[in-house]
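Please look over the sequence and the 3D structure below. A short report on selected features comes after them.

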Amino acid sequence: MNIKVLVVDDSPFMRKIITETITSIDGLEVIGTARNGRDALKAIPQLQPDVITLDIEMPGLNGLETLEIIKKEHNVPVIMMSSFSGEDNTIAALDLGAMDFIEKPHDIRNQSEVFKNEVADKIKPLFEQKKMDMPVEKSFLQINGLEKRLSKKIKAITIGASTGGPKALFSIIRSLPENLSFPIFIVQHMPKGFTTSFSKRLDKESNATVVEAEEGMAIKGGIVYVAPGGYHMLIENNRIKLNEADKIHGVRPAVDYLFETAAAAYGSNLASFILTGMGQDGASGLAEIKKAGGFTVAQNRETSIVYGMPGNAVQKGVIDEIASLNEISELINWMIRMRS
């Protein structure tokens with residue numbers, strides 16, 4: 001059974017490009033197109049798509065307005081089609097509930113294969129995890145029992161995420177109390193430019209100070225550091241280090257680089273969380289955190305958009321606990337209170 005896609009874009013050229021690209025991917029098919037938000041809303045109940053690709057910048061009912069109505073009236077995942085100049089709206093769309101976004105290529109003639117891979121990588125994993133044989137998960141959250149296991153006070157938290165991560169991170173960071181006293185480091189798989197908008201939006205809506213990390217930044221308590229798109233983020237000598245070393249797991253920034261260097265920096269005083277996302281990034285770093293005596297948590301399957309990263313970490317035996325997104329927020333806030 002193919003995944004049925006509805007393509008929504010005001011540009012006839014982009015509708016043609018997106019349709020041809022999706023049609024060329026095994027397992028996907030375009031069941032219809034719409035030139036604006038109003039046409040899309042009419043088409044959804046008729047065509048019953050499995051997923052929608054939605055342009056952000058459209059006349060009339062724009063992408064954000066259309067997305068908001070879709071999320072209220074239909075249970076259909078939405079992937080935003082974004083231009084670099086629209087990064088603020090893209091982050092707003094993720095906050096509203098879009099599953100992910102795809103950058104429109106600047107030069108489609110020379111980037112067609114890259115664009116095709118991006119489309120496949122963003123759509124297919126949303127449905128593939130339903131077919132996978134996942135490990136049986138135990139229920140969480142026993143805070144009282146954790147007090148003995150976490151006898152040492154947490155001095156830092158690291159978080160890694162990919163597909164579905166922005167919305168999960170909005171939930172976690174918005175719930176932080178004002179008395180955050182240690183640093184939190186985040187790697188969210190996201191391109192250059194978009195992490196800047198992401199960091200600013202998190203900062204605006206959080207009690208904590210959220211910054212996009214910069215080379216050589218001194219690490220301070222109470223600050224949330226977001227790895228900039230296109231750079232690996234490492235921790236060395238109580239400072240942020242950025243580099244453009246080769247991608248690992250096909251991504252830069254990579255969660256593993258952060259986790260491995262954080263394990264060396266904080267040892268048993270580190271807590272680490274691996275959230276929703278495709279692939280295997282983070283498991284190697286979590287193994288290093290476990291060796292150093294740190295505490296590791298994976299987001300559970302039920303609340304993950306894509307269970308690849310947390311599921312892989314669970315299967316490799318590098319996770320201490322499995323928790324829902326709400327439980328992760330509770331746990332992080334409990335760790336902060338323990339430091340007060």
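The report covers the model, a sheet with its helices, and one histidine.

## Basis of the model

This is a predicted model: local features need pLDDT of at least 70, side-chain atom pairs count only at pLDDT 80 or more, and totals for chains, interfaces and linings use all residues. Residues are numbered from 1 along each chain as its sequence is written, and side-chain values use heavy atoms, with hydrogens and water left out.

## The five-stranded sheet

Five strands form an open sheet in the order β2-β1-β3-β4-β5, with parallel pairing. Strands here are DSSP runs of E, at least two residues; helices are runs of H or I, at least four; both are numbered from the N terminus. Strands pair if DSSP finds at least two bridges between them. The edges are β2 (28-34) and β5 (100-103), each pairing on one side only. From one strand to the next, the twist averages 25°.

Strands β1 (residues 3-8) and β3 (residues 51-55) run parallel and share four bridges. V5 has V51 in β3 as its bridge partner.

## Helices on the sheet

Helix α1 (residues 12-23) lies across β1, β2, β3 and β4 (78-82). It runs at about 160° to β2. Helix α2 (residues 37-47) also packs on the sheet and touches β1, β2 and β3. Its direction makes about 165° with that of β1. Axes are lines fitted to C-alpha atoms, for helices over the stretch in contact; angles run from 0 to 180 degrees between N-to-C directions. Contact means heavy atoms within 4.5 Å.

## H189

H189 sits in the loop between β7 (184-188) and α9 (194-204). Its relative accessible area is 16%, so it counts as buried (under 20%; exposed is over 50%, partly exposed in between; 1.4 Å probe, protein chains only).

The H189 side chain makes a polar contact with the S162 side chain at 2.9 Å. A polar contact is a pair of N or O atoms within 3.5 Å; within protein, one must be able to donate a hydrogen and the other to accept it, and residues adjacent in sequence count only if both atoms are side-chain atoms. Leaving out residues up to four places away in sequence, H189 touches A161, S162, V251, P253, V255, D281 and M309.
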